[in-house]
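Here is a short note for someone opening this structure. Please read the points with the model in view.

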Amino acid sequence: MRSTSKTPGVLRGYVLPALWLFALPVFGLWFAGHAQHRFDARVREAIIPEVLKDKRLSPDEREDALAFFNTVSASKACLSENEALANFRENLGEACSDVTQFSWMYRLSLGLVVLGVVSALIALLCGVAAFVSRGFQYGSFVVGWNLLRVASAFQVAGQGGLAAWLSFWVTALWFQRYSPKLIILVGVAAAIAVGVVVIAIFKRPSMDFAVEAEVLEESAAPELWATVRRLCAQLETPPPDHILVGIDANFFVTESDITAGGRTLSGRTLFVSVSLLRLLEKGEAEAVLAHEMGHLLGGDTGHGKRLAPMLAHFSDYLGALYEGGMTRPVFYFMVAYRGLFELSLGKSRRASELAADRLAAEVTSGEELARSLVKVGAYANFRERVEADLFGRNEQQESVAIARRVAHGFAAYAQSGAVQDDLQGAVTPHPFDSHPPLAARLENVGVKLGPDDMVQALLEPVSSSWAQAILEADAIEARLWGAYESRFSEAHDLALAYRYRPANDAEQQHVEKHFPPMEFAAKEEGHEVRLDFAGVNCAQWEEPVRFEQVKAATTAERLFKKYLDLQLEGEGMFKGKRSICLSKLEDGDALVGAFGHYLGRHRTMQEYQSKSDEAA
């Protein structure tokens, strides 16, 4: 069986992280009460001895005073407007200002907790409503997204202010000291977090959807266009405005704007894979096309077009929250809401896929649809296996030749046990929808295909395919595969540079092709720096520092000069430290950037080599 990665459960993956939203407010709630209690205790500890020592008081007056101060706290006097407590309040003087802070921060913390609970209820109600119907799904997301992003902005602002307040009072109360640098640091972080949220709320989402494909004009495939229109007429839905032809291992239809070949297309667009068309008989391909047209009839693409901008905005918003530092607790909460909404999306999308399958089976036949599903699933899985195997190799490839490897190896794969393992849980790749498993789709159209039937469908030669009806199919496929394989080779070539711990000259040359030795000139002689894939050397040092020695790297300013400080492994705090004065270099910032890049390569290599050793 093919191994599958384990994903965390709902509790550990979504619910528990979302609770971080309440961590700081709950702590603030407790700390404000704790600080107020300590204030009351200190005042009482100061007053009670004075009352006991005051010889002007009679025994009865002393008992009344003790009873009063044991009953009425200093904080109550500070916060009350009762005239009977005016004398007590006046004697406390400026100390009451601290109590006022504790009270306000208590209220702020309580408000943030309440806001978090209300936000959780909104998320839950909107998430549940999304399961009712497609209309409810859209409406609930509009309501949930708009309410929760406003609530999140208040959470970030409130928690930022609370954090800044705590950065002073926690140290002041517990250690009788405070750090101005800490307060400034937390305050700046809070301001940045608020700015991040505000910008993310109003930033326009990136909606570019580009595919590697060429526009198929009707003159280049008139018979195929006529067939698509015939299928649409049978389904009583308008035909697509554009047809794109590519080499991806899927078919899809969309009403969103799509970019291909330097053109942006609007309206209904159908994407067909010429590589898959070669694998399908005409009837099988028509079943796939009818399935995609079924999405147009069912309103799936229109619903997706309406949701797409908001989902894209939400994704950008989550990215900003993740990078915003103090916004991370809000990020986890919003991820939990997105996860709940995705459950409803998955449910409705699977229902849409099954409905489109039934429509396709009515227009063509269940058997043709079933055979096409088997072929598309098997091809997609085999291509994924071929590409994973190629990318996982630790040697350079003169030619990846993915198309040739897939074509020549598919028959052997179809007769192997691997194909059954893949098809048992096969889900057709698709950029928009979550498809049900193959077994559920076959059952949905009333077709049973055993393992032998599937193998037979995969091995039977294709007598007539729609690829033959595309005038320049061979040239289009050659262009697209050439571009794809070139990008694949470049990505693999770069990956090898990150994997190699050079064991010979060839491997070292390959690493240095992407991470060449670099020289950083100094403003004055004797401070030059040399950097290569193995480490860094400064002209002042007796020997270079290898990357495996570097435990941590930080920048710091000392005496108005900027330094790159390296803490080395296996050395003492001071003995194992090396520093480069960046201010003495012509371009210190360039060194910092390059050093981080080269150190990142080294650590990626170490991690890869460690996993390889464990696997061996």
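**Surface patches and cysteines**

1. Asp64 is exposed, because its relative accessible area is 54% and exposed means over 50%. Keep in mind that this is a predicted model.

2. Where does Asp64 lie? Helix H3, which covers residues 59-71, holds Asp64.

3. Asp64 also belongs to a group. Together with Asp60, Glu61 and Glu63, Asp64 makes up a patch of negative charge on the surface.

4. Leu11, Tyr14, Val15, Leu16 and Leu19 form a nonpolar patch on the surface. Their accessible area together is about 440 Å².

5. Take Val15 from that nonpolar patch. Val15 sits in helix H1, residues 10-18. Is Val15 buried, partly exposed or exposed? Its relative accessible area is 38%, so Val15 counts as partly exposed.

6. Now the cysteines. How many disulfides does the model have? The count is zero. A disulfide would need a pair of cysteine sulfur atoms within 2.5 Å. Cys581 is in no disulfide, and the nearest cysteine sulfur, that of Cys538, is 9.1 Å away.

7. Is Cys581 buried or exposed? Cys581 has 13% relative accessibility, so Cys581 counts as buried. The cut-off for buried is under 20%.

8. Cys126 is buried too, with a relative accessible area of 10%.

Terms used
Residues are numbered from 1 along each chain as its sequence is written. This is a predicted model: local features need pLDDT of at least 70, side-chain atom pairs count only at pLDDT 80 or more; totals for chains, interfaces and linings use all residues. Side-chain values use heavy atoms; hydrogens and water are left out. Buried means under 20% relative accessible area, exposed over 50%, partly exposed in between (1.4 Å probe, protein chains only). Patches are made of residues with over 30% relative accessible area and no salt bridge: like charges are joined within 9 Å, nonpolar side chains (Val, Leu, Ile, Met, Phe, Trp, Tyr) within 5 Å. Accessible areas come from the Shrake-Rupley method with a 1.4 Å probe; for residues, only the protein chains shown count as cover. A salt bridge is a side-chain nitrogen of Lys or Arg within 4 Å of a carboxyl oxygen of Asp or Glu. Lys and Arg count as positive and Asp and Glu as negative; His and the chain ends are not counted. The place of a charge is taken as NZ of Lys, CZ of Arg, CG of Asp or CD of Glu. Helices (H or I, at least four residues) and strands (E, at least two) are DSSP runs, numbered from the N terminus.
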